[in-house]
Amino acid sequence: MGKEVKAAMLVGGFGTRLRPLTVTTPKPMLPLVNIPFLEIELLHLKQYGVDEVILSTGYLPAVFDEYFGDGSRLGIKLVHVTEDEPLGTCGAIKNVAEFLGSEPVIVCNGDILTDLDIGALVSYHNEKSASVTITLTPVEDPTAYGLVPLDENGHIKEFLEKPSWDQVVTNLINAGTYVMDPAVLDDVPPGENYSFERQLFPDLLKEGRPMFGFPCDCYWLDLGTPEKYLAAHHDILSGEIHVDMKGERRPDDIIAGEGASVDATAHLHGPVLMGEGVTIGAHARVLPNTCLGRGVTVGTEARVEGSVVLDGTTIGDRSIVEQSILGRDMVLGSDCHVADCSVLGDNIVSGAENEFRKGIRVWPSTNIEDGRIKF
Ligand code: GDD
Ligand code: MG
């Protein structure tokens, strides 16, 4: 990109749709292939010469600070700014304006997994002398996003946040990564809840400011829901997007962290990632698109498939976990069955013979007796 660029990242949301995982961990700090998601995002920015990132936190801010501190471990200067109450996407960036300087800055939603070429985005913004350039990505259902139709010159014509189907005139949506001239924030009222998508962007368009869309055909995923959280794992494990995973490469597309111990009678079928100190019991099966966190134990004859199991959790003998998510430090008893994108929170203790299906979500630290949950 030539010279260094600053970025501001929005990480203050409650991550409501990812509960119960986000009851204890803010969405950007949830592990993806055993690495806090935000670390993957920060290293992606760094790759393009971003050397300073302002984190706009709100919900559970200490979790960010404890893990990253001033960012020196990652080689990026991190500034943490915490809101007392949610200021909305634009209000949150207005709130950190004093750290942005006067050159174009990158602004990112903190829940996007992408391999976007940020260098090309910044060059496009500068070439066009734009006030704001919005990265766009095609999606099948634009109604969950911000719809951004363009004219033939790449100018943004309209900004329609969460449109209804009858408003859908393009499949291009706001991909949540912008380059902006910080001066566009000058007239935003300080300390007030204010939205880029519903307020500032439509207002700038009305004023006739040059706003451009930058359609990209990069990998793009908004990590908003349990389905997307699993999809992100599948896509990384299958190599659709590259993320550096820690561990030893073994045959059959298995990556094993230090001290991982697999019984000789267990069957592993990759892609599978095992964190440090994972233990796989006799005749257990760990099947494609599974990510096991540090210290996870899979019991005798248990089966785990297409699932994410966070650090420190134990899966009992003969239990089955399919296309689901288990939180940290959980104990799943023997002969349980977890399926259909169900999500169990941190520190749950489940007795034997429980069934968790149909996307059921169980709050952290719940204790469930044997055979209490059936479908
Ligand atoms: N600091 C702060 N304060 N951060 C916030 C606040 C706030 O009040 N509200 C939301 N955020 C952060 C969230 O943590 C998240 O990283 C990001 O802003 C976007 O919020 P979401 O709640 O995930 O929004 P969305 O996914 O419904 O829609 C947004 O992203 C889409 C792309 O994924 C919009 O920008 C859409 O236009 C866009 O298409
Ligand atoms: Mg989102």
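Trainee: In this predicted model, in which loop is I360 found, and is I360 buried or partly exposed?

Mentor: The position of I360 in the chain is between two strands, β32 and β33 (361-362), in the loop that joins them. Buried would require a relative accessible area under 20%, and I360 has 22%. I360 is found in the loop between β32 and β33, and its class is therefore partly exposed.

Trainee: Which are the edge strands of the open sheet of 6 strands?

Mentor: The order of this sheet is β17-β20-β23-β26-β29-β32, and its pairing is parallel. Within it, strand β23 (residues 303-305) is joined to strand β26 (residues 320-322) by 3 bridges in the parallel sense, and V304 has V321 of β26 as its bridge partner. An edge strand pairs on one side only, and the two that do so here are β17 (267-268) and β32 (355-356).

Trainee: In the open sheet of 7 strands, which residue of β34 does S350 stand opposite?

Mentor: This sheet, again with parallel pairing, runs in the order β16-β19-β22-β25-β28-β31-β34, and its edge strands, each pairing on one side only, are β16 (261-262) and β34 (367-368). Strand β31 (residues 349-350) pairs with β34 in the parallel sense over 2 bridges. The residue of β34 that stands opposite S350 is I368.

Trainee: How many residues of β6 are buried, and which of them point one way and which the other?

Mentor: In a regular strand the side chains alternate between the two faces of the sheet. In β6, I106 and C108 point one way while V105, V107 and N109 point the other way, and all are buried. The strand is mostly covered, and the number of its residues that are buried is 5 of 5.

Trainee: Which residues coordinate the magnesium ion (ligand 2), and are they buried or exposed?

Mentor: The coordinating atoms are OD atoms at 2.1 to 2.3 Å, and they belong to D111 and D222. These two residues link distant parts of the chain, being 111 residues apart, with D111 in the loop between β6 (105-109) and β7 (112-114) and D222 in strand β13 (residues 220-222). Because buried means under 20% relative accessible area, D111 at 10% counts as buried, and D222 at 12% is likewise buried.

Trainee: Which residues are closest to the centre of the largest pocket?

Mentor: The space in the largest pocket is about 1000 Å³. Its lining holds 39 residues, which divide by class into 12 nonpolar, 16 polar and 11 charged, and the elements giving two or more residues to it are α4 (88-94), β11 (172-180), α6 (196-206), β13 and α7 (226-237). Closest to the centre of the pocket are R17, K27, T89, N109 and D111.

Trainee: Which element gives the largest share of the lining of the largest cavity?

Mentor: Rolling a probe the size of a water molecule over the atoms shows where empty space is left. A search of the whole structure finds 1 cavity of 30 Å³ or more, and the largest cavity holds about 90 Å³ of space. Two or more residues of its lining come from each of α2 (37-47), β6 and β7, and the largest share, 3 residues, comes from α2.

Trainee: How many residues in the lining of the largest cavity are charged?

Mentor: Among the lining residues are M9, E41, H44, C108 and N109. By class, the lining has 6 nonpolar and 4 polar residues, and the number of charged residues is 1.

Notes: Residues are numbered from 1 along each chain as its sequence is written. Chains are lettered from A and ligands numbered from 1 in the order in which they are written. This is a predicted model: local features need pLDDT of at least 70, side-chain atom pairs count only at pLDDT 80 or more; totals for chains, interfaces and linings use all residues. Side-chain values use heavy atoms; hydrogens and water are left out. Donors are N, O and S atoms within 2.8 Å of the metal (3.2 Å for Na, K and Ca); water is not among the atoms, so sites may look incomplete. Helices (H or I, at least four residues) and strands (E, at least two) are DSSP runs, numbered from the N terminus. Buried means under 20% relative accessible area, exposed over 50%, partly exposed in between (1.4 Å probe, protein chains only). On a 1 Å grid over the protein atoms alone, a cavity is a set of points where a 1.4 Å probe fits but cannot get out, and a pocket is an open set with protein on both sides within 12 Å along at least five of seven lines; lining residues have an atom within 4 Å of a point. Grid points are joined across faces, edges and corners, and a volume is the space filled by probe spheres set on the points. Ala, Val, Leu, Ile, Met, Phe, Trp, Tyr, Cys and Pro count as nonpolar, Asp, Glu, Lys and Arg as charged, and the others, Gly among them, as polar. Two strands pair if DSSP finds at least two bridges between them.
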